[in-house]
Each structure stands twice: as structure tokens, then as C-alpha cells.
Amino acid sequence: MGQSHLVIDFPIKGPAIAKALPGELSQLMPDLATAQDDLGTVHFSRFMVEGDEKLLFLSDIDGETDQHIERLVESTGPVFDAIFTHVDNPPPTPVADDPESVVKWLKRHVREPLDTYFAYEDASVQDIKACARAAGFTGNTSQGTLLTYMAFKSRAQGFAVKHLAGALVGDKGHKAADSIGTLHVAHWVPFEHNHLGFFTVFDDDMEKYFQDFADKTSFTFNALFPRVVGGAPTPVEKNAQAFYQWGLDNNYPAIGFYSAYPGLSVQDIRALLADRTSPPATA
């Protein structure tokens, strides 16, 4: 089936809306979580408010984004009805009256990632849940989110890094991410006005997570930060504490973080999947 990363960019009406949205969205999250459980193809999802201009919906899913948007609209119309009251130039509402127009609007506002990483890219949500059920395992690992939104110092630098990011991450970056061992998903997503988003879901302690980034993926951030407004000092491997502080200062709060398998770490999932595929023992 394969996985996809979905980013929907909702332009919002202004500063007052940006301040009110986190509280209003929190009330909608139980219904959205139930719908995503029923869909059975969502690994993780979360919202974030960026400045006064936009609400982002981020989701890591099985299958293609277009089909997922159609299913999401069908199952969560009231959630979108509430969101669209705060959006500039929204589609017609209520969603139930014209779902096709809503689907078209959402597809026009999808941001395509430059690069995506999944720690277990051959496993679906249902594969992971089935393995955990079969083993009677629930896990107790906390999962966290990193949601950053960076501005480049110039249009030329933004253009260069956006094209460089795919090469920097690519196979080399994916192998480095595998070696971290606590990174579930990671995505580089370009935006207008020379901005780049870096979005991840990870296990346990954020300070250790950034130390692992500094140790194992420094080549990416060393190329990026000199071109970014307020970037951490480089080389990051020699400035790990400053790099961690940059992460604290630039991590947007996640609104309504959803996980299909809370408590399961990357290592738990890898072990469960390995047990599923291990050959039977011989006498």
C-alpha cells in the first residue's frame, strides 16, 4: 500500500482567529480521533497554527492522499464545517450539502513534501495493530511531535535549499534517520514566501532526540541553518545544546495529536513486525 504524508494549508482570517483556534479545535478532536480510528489508515495526525496566517493539518497515512481526503470529508464533515468558519475564501458549507466542492478545495490546498521518511514503510496501520494484538503488547513509550516552520534569508537561498533538501535527506538521510531509532516519521515541506516546514513524530525525550540529530544527521542541518533566519549555530554536532534550544524555541504546539498506536515506540514496532515475519523455529 505504501504511506503518504498529507499537509493541508488552511489560510485563516487573522490574529484573533489564530489565538482562538487551538481552544476551538481541541473540542473537535474526540470526533476526529474516532473518525480516524474508523478509517483505519491514519498513523498520526495533528494541527498547528503558524503565525496569524495559516492552520496546517498534518497526517501520515496509508495509501494515496486524494483518496484519503475523499474518505476524510465523508466521515468528518462537521469538523470541517467548524474549521471553515475561520478560513479565508472557504468552500460552500455545510460539507454535507456539497462534499465534492470541499474535496476539490482541500486538494487545491495540499502542500507536497520534498522528502518523506517512515521508520516502517512497508507496514500499514492495521499491520502494526494486528502484531500488537497478537503479542498482547500495548507499550508505554511517550510519543512527541516536532513542528518547525523556517524562513530563508533570501529567495535565492530558499530556492537552493528546497532543491538541496531532497538530496541531503534522500537515502543518506533515511539511513541516518534509521540509526536514530526513535524517529517514526519526518517530512520536509516547502511553503510560499521562502519557508520550509520540518515535521516529525518521535519517541521519548526531546533533548536526547536532538542530540541524536546532532550526532547522526548533522550534514542536513549544517547545510540548512546558515541560510535560515535564526538558525542554530553550526556545526550542530559541536553546538548540540544550542541546537536543542533552537528546537525548543521553534517547535510549534501540536493541536489534537492523534496516534493510531499510542505507547508503541519505533523499536517496539520493529520488533513486533520482525516477529511476524520471522521463520518458524526448527527442531
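Reader: Which residue of β7 does valine 189 stand opposite?

Author: Keep in mind that we're looking at a predicted model. Strand β6 (residues 183-191) is joined to β7 by 8 bridges, and the two run antiparallel. Across that pairing, the β7 residue opposite valine 189 is glycine 197.

Reader: And on the β5 side, what stands opposite glutamine 143?

Author: Strand β5 (residues 143-151) also runs antiparallel to β7, with 9 bridges joining them.

Reader: How many residues sit between β6 and β7 in their hairpin?

Author: Have a look at the turn, where histidine 193 has a positive phi of about 60 degrees. The number of residues between β6 and β7 in this hairpin is 3.

Reader: How many of the residues of strand β7 are buried?

Author: Take the faces in turn. In a regular strand, side chains alternate between the two faces of the sheet. On one side of β7, His195, Gly197, Phe199, Val201 and Asp203 are buried, and on the other so are Leu196, Phe198, Thr200 and Phe202. The strand is therefore largely enclosed by the rest of the structure, and the buried count is 9 of the 9.

Reader: Is phenylalanine 221 buried or exposed?

Author: Phenylalanine 221 lies in helix α8 (residues 218-224) and its partner phenylalanine 198 in strand β7, so the pair ties together parts 23 residues apart in sequence. Phenylalanine 198 has a relative accessible area of 4% and is buried. The cut-off for that is under 20%, and with 3% relative accessibility, phenylalanine 221 counts as buried.

Reader: Over on helix α2 (residues 65-75), which residues are exposed?

Author: Begin with what's hidden: Thr65, His68, Ile69, Leu72 and Val73 are buried. They cover an arc of only 130 degrees around the axis, which puts them on the same side of α2. Their cover includes β1 (3-11), α1 (15-39) and α4 (99-108). On the other side of α2, the exposed residues are Gln67 and Glu74.

Methods: Residues numbered from 1 in each chain as written. Predicted model: local features only at pLDDT ≥ 70, side-chain atom pairs only at ≥ 80, totals over all residues. Heavy atoms only, no water. Buried < 20%, exposed > 50% of the residue type's maximum accessible area, 1.4 Å probe, protein only. Helix = DSSP H or I, 4+ residues; strand = E, 2+ residues; numbered from the N terminus. Pairing = 2+ DSSP bridges. Arc of directions from axis to C-beta. Contact = heavy atoms within 4.5 Å.
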